[in-house]
Amino acid sequence: MFCLHHDISATKWKDSSSGLHVDYDQRPDMFRGTVRYASAHAHLGRTASRRDDLESLAYTLIFLHRGRLPWQGYQGDNKSFLVCKKKMATSPEMLCCFCPPALKQFLEIVVNMKFDEEPNYSKLISLFEGLLGPNPAIRPINTDGAQKIIYQVGQKRGRLNIDEDDDQPKKKVRLGVPATQWISVYNARLPMKQRYHYNVADARLAQHVEKGIADGLLISCVASCTNLWALIMDAGTGFTSQVYELSPSFLHKEWIMDQWEKNYYISSIAGSNSGNSLVVMSKGTQYTQQSYKVSDSFPFKWINKKWREGFYVTSMTTAGSRWGVVMSRNAGFSDQVVELDFLYPSEGIHRRWDSGYRITSTAATLDQAALILSIPKRKPGDETQETLRTSQFPSIHVKEKWAKNLYLACLCYGRTVS
């Protein structure tokens, strides 16, 4: 019932009174384990379970065989981040190229395990039987009590991959190949008019906005791809008025503060790779106070602090490797969590969905994706939410979703390890 982390005490994976598996969670500021051997889930602050000790065991065995692991040598405050990124970018084939095939097979199995999956210890042990040879002095291993003696570390990333329409999750082994992707999120709504524009240059943004306003539409979401803008406008924002600014600086503080004085609140933001930003501020929101932060890494500690003060994340974006996060009072949520990953965190999102959370903000850097999931105070009439990941802007898919009364709610573009 325990996970054993290197250099620290064991933690429970199973509740001794109820007999149930511990609940899934993620706290990106929480790391438990030894950096060299910890699972990627442990680096990302996910709750420990049995899969993590097995992944840690794999790294230990590979180290003992090879004498070195590819992520050794990183230094500095962001050491854990860099090691995790390297682990995610190193495929089992690359890591085990000089190892017996059994080690590669073992690693492929354990990095694809689900959070609460019971390991097939007999199968895992059998992988190594051929390495022992016909030595009569070696006694057979009794696996009857394996669950009690095999330990675990940290917690590994959702290796689940979602097809384009996010139907059935499929297990995916890390390939180590960066991939560009649009992450788009769709919510069920009553029929309404929605419009999208993408690959919009700075000079053409105003004409799209003016045309939308003339047709009774306001901006609900903005995003950026290779220094061009994507713009979503619809008739269901509930806003009464709107202003926006294109700025060569990332989240222009003076302009934002001026608009706050006029009772406008940030409703959507986007940053480009060159550091420009597009900030949309609206009247008619339910917000009563806002705060935002620009950071060189995902600012989870700040987010957690603001949660305790009654703020919730309402907008996010990135500019290169920098993060911009907006938090608001009276956001209409009763709880909020983060899923942060070097891959799209499929397993975490599905677990959150099962607990009543829905994606309310997304953002991605060149190598990480963050999704904010919230529980609304008022339960929506239709809780249907779907996500989509595509290499190109999902223009065809958006129209297909519209036919099902599913409308774009969040959008971001990034390049992630996959």
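Predicted model: local features only at pLDDT ≥ 70, side-chain atom pairs only at ≥ 80, totals over all residues.
Residues are numbered from 1 along each chain as its sequence is written, and side-chain values use heavy atoms, with hydrogens and water left out.

Helices (H or I, at least four residues) and strands (E, at least two) are DSSP runs, numbered from the N terminus. Strands count as paired if DSSP finds at least two bridges between them. Three strands form an open sheet in the order 9-11-10, with antiparallel pairing. Strand 9 (241-247) and strand 10 (265-271) stand at the edges. Each has a single partner strand, so one side of each is left without a neighbour in the sheet. Neighbouring strands of this sheet are turned by 15° against each other on average, direction ignored. Such angles are taken between axes, which are lines fitted to C-alpha atoms, for helices over the stretch in contact; angles run from 0 to 180 degrees between N-to-C directions. Strand 9 is joined to strand 11 (residues 277-283) by seven bridges, and the two run antiparallel. In this pairing, Leu246 stands opposite Leu278 in strand 11.

Two helices accompany the sheet. Helix 10 (residues 253-261) packs on the sheet and touches strand 9, strand 10 and strand 11. The direction of helix 10 makes about 5° with that of strand 11. Helix 9 (residues 202-214) lies across strand 9 and strand 11. Helix 9 runs at about 175° to strand 9. Contact here means heavy atoms within 4.5 Å.

Most residues other than glycine have a negative phi. Leu251 is found in the loop between strand 9 and helix 10. At 4% relative accessibility, Leu251 counts as buried. Buried means under 20% relative accessible area, exposed over 50%, and partly exposed in between (1.4 Å probe, protein chains only). Asn227 also has a positive phi, of about 65°, although it is not a glycine. Asn227 is found in the loop between strand 7 (218-225) and strand 8 (228-234). Asn227 is partly exposed, with a relative accessible area of 36%.

Strand 8 also takes part in a pairing with strand 6, antiparallel and over five bridges. Here His197 stands opposite Leu231 in strand 8. Strand 6 (residues 194-200) is mostly covered, with five of its seven residues buried.

Burial was also examined in other elements. In helix 3 (residues 79-89), the buried residues are Val83, Cys84, Lys87 and Met88. Seen down the axis of helix 3, these residues fall within an arc of 135°, so they line one face of the helix. The arc is that of the directions from the helix axis to the C-beta atoms. Val111 is found in helix 5 (residues 101-111). Val111 is buried, with a relative accessible area of 0%. Val111 and Ala40 are 71 residues apart in sequence and 9.0 Å apart in space, C-alpha to C-alpha. Thr362 lies in strand 16 (residues 358-364) and counts as buried at 6% relative accessibility. Not counting residues up to four places away in sequence, Thr362 touches Val185, Met316, Ala370, Leu371, Cys410, Leu411 and Cys412.

A search of the whole structure finds 16 aromatic pairs. In the pair Trp182 and Tyr413, the ring centres are 5.1 Å apart and the planes stand at 55°, so the pair is tilted. Trp182 lies in strand 5 (residues 178-188) and Tyr413 in strand 19 (residues 406-417), so the pair ties together parts that are 231 residues apart in sequence. Trp182 counts as buried at 4% relative accessibility. The rings of Phe300 and Trp307 have their centres 5.8 Å apart and their planes at 85°, so this pair is edge-to-face. Phe300 and Trp307 are buried. Rings of Phe, Tyr and Trp (its six-membered ring) pair if their centres lie within 6.5 Å; planes under 30 degrees apart count as stacked, over 60 as edge-to-face and the rest as tilted. One aromatic cluster is formed by Trp182, Tyr196, Tyr198, Phe393, Trp402 and Tyr413.

Charged groups also meet rings. Lys306 lies over the face of Phe311, at 4.1 Å from the ring centre. The charged end of Lys401 sits over the ring of Tyr186, 5.5 Å from its centre. A charge sits over a ring if NZ of Lys or CZ of Arg is within 6 Å of the ring centre and within 35 degrees of the ring normal.
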